Amino acid sequence: MIEKLPTPYGLVRYGVAPDHPEVKNVINDFEKLVLSKKDQFTFLGNVQFGKDVTYNDLKKCFDVIVLCYGTDAEIKLNIPGEHLIGVESARDFVNWYNGFPDLHEQDHVTSAHARLTRKYKDLLSTSESACIIGQGNVALDVARILSKDRDELQKFDIPDHVLNILREHTDHLRDVYLIGRRGPLQSACTTKELRELTKLTPRAGLYIDPNDLEQIKDIEIKDRAKKRLIDIMKNQVTKHDDVTTNVQMKFLHSPVEFLPKDDQSDRLGSIKFQLNNLVVDNDGNARAVGTDQYVTLKCDVAFRSIGYKSIQVDKDIPFDEKKGIVCNVNGKVDNTSSTYVSGWLKRGPTGVILSNIYDAQETVEEIEKHLEQADDNKGGQQELLKIITQRNASPDRRVVVFDEYLEIDKHEKKRGSVSGKIRDKVMTVREMIDIAHRPQGD
Ligand code: NAP
């Protein structure tokens, strides 16, 4: 397993919200498996695919390659004003509150993470109103982190400096809007995540305008999960008066322009929305169609949360730019005899951790079908390590193996236990490597 960071677990470690520790339990299963199969499995962390090792290198070394490098880019709205200070990426914000380490910088002051910390501190301390564009689970994670009781977040693996900013600089954030371009029935979040927003009292409360539910009141909802979602919304039609932050879902709003503040031309001040109607197409899908009505909502900070997309990290990988996935059938990469793909890189950024487990099973079944074609003359791990060493002589590009990662894990858990947290993540790759490679017993 080759991984860009010195630590495994990608999305589980840096995407799943800190207050969802139960979702991260999948790490325990994986760790048990790895430790019981030490002679069959090798983790090579701090190795960047597409740079330190190319696709063609891997083909020379192994009979089977499985690509699962996920989604490294986010989708933009491409509307006027998106460049304004205060129009932010939910992906960056998620990385920030999850302590995603800096890959390039070596200290805590100049790193990209430190720059985000300074930016969010400035933005949040001057924001009364935030809009999150999108109503998927990422959007709900962002809304919850912005509004949840700070003491409740303390015990999780959210970095202390992030929590301090949320604690000290967000008390005047009165409104957090979750903006959907379609109706309540089409919102992309799941029941569990929506229910969590109803449990933020006394610090925050969820509100749905009853008029927004009026249009669906006579519709018979057959899908049980959707019905539960709408039932939750129906119980949230009373505004909470005494909360610090009011979280509101708005529907049938498409952002068309980010507008600057009157007294600061480079800073977001409001968002112009086009109001939509829903039109059901021949396939039964409800589409948002713009009307000639527009509204403007005051907004000091906006988080764009309209989905992620994968990138082609190596020019030799067959890639469908339009869909943002590696070209494949059931996980077998088109026009190849040895390459497979799994996860969001295979089918796009949809579904929860469990969906990716099913997805991996399908890919593995496909690999099993073709294993008999294996060629025994490949260079394997030894050849791969030779290539990596030749390309990367510099000390901070040294490979981190699983036992060395476990040193980072131990260090983080020990440091976290001092302040009653699950773990206190190491924030730069340089520090991770130092911990991974320091002599045992230090
Ligand atoms: P998502 O579920 O696909 O949601 C994207 C949202 O953006 C939708 O509401 C979508 O509306 C909206 N959108 C897309 N293009 C838009 C545009 N041009 N203008 C306005 N709105 C637009 O994506 P996500 O929230 O990034 O989540 C990705 C996946 O990770 C999902 O499967 C999610 O369930 C999963 N995830 C799960 C958890 C969890 O289990 N707790 C946490 C985070 C993420 P339309 O529906 O109208 O397109």
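**Annotated positions in their structural setting**

Arg182 is located in the loop between strand S7 (175-179) and helix H9 (191-197); helices (H or I, at least four residues) and strands (E, at least two) are DSSP runs numbered from the N terminus. The model is predicted, so local features need pLDDT of at least 70 and side-chain atom pairs count only at pLDDT 80 or more, while totals for chains, interfaces and linings use all residues. Residues are numbered from 1 along each chain as its sequence is written, and side-chain values use heavy atoms, with hydrogens and water left out.

With a relative accessible area of 30%, Arg182 is partly exposed, a class between buried (under 20%) and exposed (over 50%), with a 1.4 Å probe and protein chains only. Leaving aside neighbours within four places in sequence, Arg182 is in contact with Phe251, Leu252, Leu278, Ala286 and Ala288, where contact means heavy atoms within 4.5 Å.

An unreviewed UniProt entry lists Arg182 under "binding site", together with residues including Gln135 and Gly351; such annotations may be inferred rather than shown by experiment. Gln135 lies in the loop between strand S6 (129-133) and helix H6 (137-147). Its relative accessible area of 6% makes Gln135 buried. The side chain of Gln135 reaches the backbone oxygen of Leu178 at 3.2 Å.

A further "binding site" listing in UniProt, also from an unreviewed entry, includes Gly351, Val352 and Ile353. Val352 sits in the loop between helix H12 (344-347) and helix H13 (353-370) and is partly exposed at 47% relative accessibility. Ile353 belongs to helix H13. Beyond its neighbours within four places in sequence, Ile353 is in contact with Val12, Val16 and Val23.

Key:
A polar contact is a pair of N or O atoms within 3.5 Å; within protein, one must be able to donate a hydrogen and the other to accept it, and residues adjacent in sequence count only if both atoms are side-chain atoms.
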